[in-house]
Amino acid sequence: MTDAAPPDALVREIKELIIEALMLQDMTPEDIDPEAPLLVEGLGLDSIDVLELAMAIGKKYGVKTKADDAQNRHIFASVTNLARFVAEQRAAAAAS
């Protein structure tokens, strides 16, 4: 993954997707810090939440993560990392 900043619109879409996929009705996209950890502290997601989120990301954006991928902890570390991953995967798919 590169360190390029993902588009703001994509970051917001992913925040909205997190809220929708995990049924966090009492949250708004503004409540989610894009740099805050998604796992344990921060948003407090557990492994089941991450699995549901990964499926929602795959369905909406057509990108997949591997269950045993060592990079998953980095990919799901924050909204920014997740948006960067989605942007890179979509760019790679468009280039091929």
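Predicted model: local features only at pLDDT ≥ 70, side-chain atom pairs only at ≥ 80, totals over all residues.
Trainee: At what angle do the axes of H2 and H4 cross, and within what distance do they come?

Mentor: They cross at roughly 35° and come within 12 Å. Axes are lines fitted to C-alpha atoms, for helices over the stretch in contact, and angles run from 0 to 180 degrees between N-to-C directions. Leu-53, Ile-57 and Tyr-61 of H2 make the contact with Leu-82, Val-86 and Arg-90 of H4. By class, this contact has five nonpolar residues, no polar and one charged. Nonpolar covers Ala, Val, Leu, Ile, Met, Phe, Trp, Tyr, Cys and Pro; charged covers Asp, Glu, Lys and Arg; the others, Gly among them, are polar.

Trainee: Why are H1 and H2 called oblique to each other?

Mentor: The axes of H1 (residues 8-21) and H2 (residues 47-61) cross at roughly 125° and come within 10 Å. Angles under 35 degrees count as roughly parallel, over 145 as roughly antiparallel, 65 to 115 as roughly perpendicular and the rest as oblique. H1 and H2 are therefore oblique. Their crossing is right-handed.

Trainee: Which residues bring H1 and H2 into contact?

Mentor: Contact means heavy atoms within 4.5 Å. On the H1 side are Leu-10, Glu-13, Ile-14, Leu-17, Ile-18 and Ala-21; they meet Glu-52, Leu-53, Ala-56, Ile-57, Lys-60 and Tyr-61 in H2. The division is nine nonpolar, no polar and three charged.

Trainee: How do you know that the span of H1 agrees with its number of residues?

Mentor: The expected span is 1.5 Å times one less than the number of residues. For the 14 residues of H1 that gives 20 Å, and the end C-alpha atoms are 20 Å apart, so the two agree. For H2, with 15 residues, both values are 21 Å. H4, with 17 residues, reaches 24 Å, close to the expected 24 Å.

Trainee: What makes Ser-78 buried?

Mentor: Buried means under 20% relative accessible area, exposed over 50%, and partly exposed in between (1.4 Å probe, protein chains only). Ser-78 has 4%, so it counts as buried. Ser-78 sits in the loop between H3 (72-75) and H4. Beyond its neighbours within four places in sequence, Ser-78 contacts Pro-34, Glu-35, Ala-36 and Leu-38.

Trainee: Is Met-23 buried or exposed?

Mentor: Met-23 has a relative accessible area of 57%, so it is exposed. Met-23 lies in the loop between H1 and H2.

Trainee: What is there to note about the phi of Met-23?

Mentor: Most residues other than glycine have a negative phi. Met-23 is not a glycine, yet its phi is positive, about 50°.

Trainee: Which helices do the buried residues of H4 pack against?

Mentor: They pack against H1, H2 and H3. Among these buried residues are Val-79, Leu-82, Phe-85 and Val-86.

Conventions. Residues numbered from 1 in each chain as written. Heavy atoms only, no water. Helix = DSSP H or I, 4+ residues; strand = E, 2+ residues; numbered from the N terminus. Left-handed = near helix turned anticlockwise from the far one by under 90°.
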